[in-house]
Amino acid sequence: MEPEPYAYQKLMADQIRILHVRAATTWHEEISCHLITVSLEDSPQFEALSYVWGDAKDTFSIQLKGGVLPVTRNLEAAIRRLRMKTEERVIWIDQLCINQADAAEKSIQVAMMPRIYKSCKEVILWLGEIEAVNEITVEDALTCNTNMQGVAAAGMAIIQEFASEKHVHEISCFQLINESTIITSPDYAIRAILYS
């Protein structure tokens, strides 16, 4: 018997859904989550994820309390990497926290995104999995001479737009030099290689 698709509950004004990702001790453990409806007026504590959806046709089903939802493979990889070992991660992710099948809700929630990003305690920028690790040299890793800088700069521009630069200094793998210059720290490329 196939699991039921997740059924979203309607949101009221100023409400958003926040995803609680259950802890997992291994990569292969099933992704299990639940959504909580909160009001931004109550100053909820959560992180927000900025990422590229990836191929909308290449999906993976995740378990939500009350049903299953398909997510893109890029988001699946992000959730697997970001879930913690001993506690839930509380995070806002547009693909799951907004009912993608409800055009009216999407319109309202997308308009709220600047406020959502400003309200979160931290923005996590997911650049995706590094597939060609063997092509990155030690020199590249130490100097960040990879195409990650271009991707990182584009991602940072999105976050700056949404959060008016509030969170730029909180993302540990980037350093803001001035309003138009963002560099990755040398540690980032090394960590990316170790985690891949």
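This is a predicted model: local features need pLDDT of at least 70, side-chain atom pairs count only at pLDDT 80 or more; totals for chains, interfaces and linings use all residues.

**Exercise 1.** Find the salt-bridge partner of D102, then say which parts of the chain the pair ties together.

Solution. 
- Step 1: D102 pairs with K10, at 2.9 Å from N to O.
- Step 2: D102 sits in the loop between helix 2 (94–97) and helix 3 (103–119), and K10 in the segment before strand 1 (15–21), so the bridge links parts 92 residues apart in sequence.
- Step 3: Check the burial of each residue. D102 has a relative accessible area of 16%, so D102 is buried, the cut-off being under 20%. K10 is at 65%, so K10 is exposed, the cut-off being over 50%.

**Exercise 2.** Determine whether E105 and R17 are buried or exposed, and place each in its element.

Solution. 
- Step 1: E105 and R17 form a salt bridge, with 2.6 Å between the closest N and O atoms.
- Step 2: E105 belongs to helix 3 and R17 to strand 1, so this bridge ties together parts 88 residues apart in sequence.
- Step 3: Both E105 and R17 are buried.

**Exercise 3.** Locate E76 and R80, and trace the network that they belong to.

Solution. 
- Step 1: The two side chains meet in a salt bridge of 2.7 Å, N to O.
- Step 2: Both residues lie in helix 1 (residues 73–82), 4 residues apart, about one turn of the helix.
- Step 3: E76 is buried at 10% relative accessible area. R80 is also buried, at 11%.
- Step 4: Salt bridges with shared partners join E76 and R80 with D58 and R73 in one network.

**Exercise 4.** How many salt bridges does the structure hold?

Solution. The count is 8.

Methods. Residues are numbered from 1 along each chain as its sequence is written. Side-chain values use heavy atoms; hydrogens and water are left out. A salt bridge is a side-chain nitrogen of Lys or Arg within 4 Å of a carboxyl oxygen of Asp or Glu. Helices (H or I, at least four residues) and strands (E, at least two) are DSSP runs, numbered from the N terminus. Buried means under 20% relative accessible area, exposed over 50%, partly exposed in between (1.4 Å probe, protein chains only).
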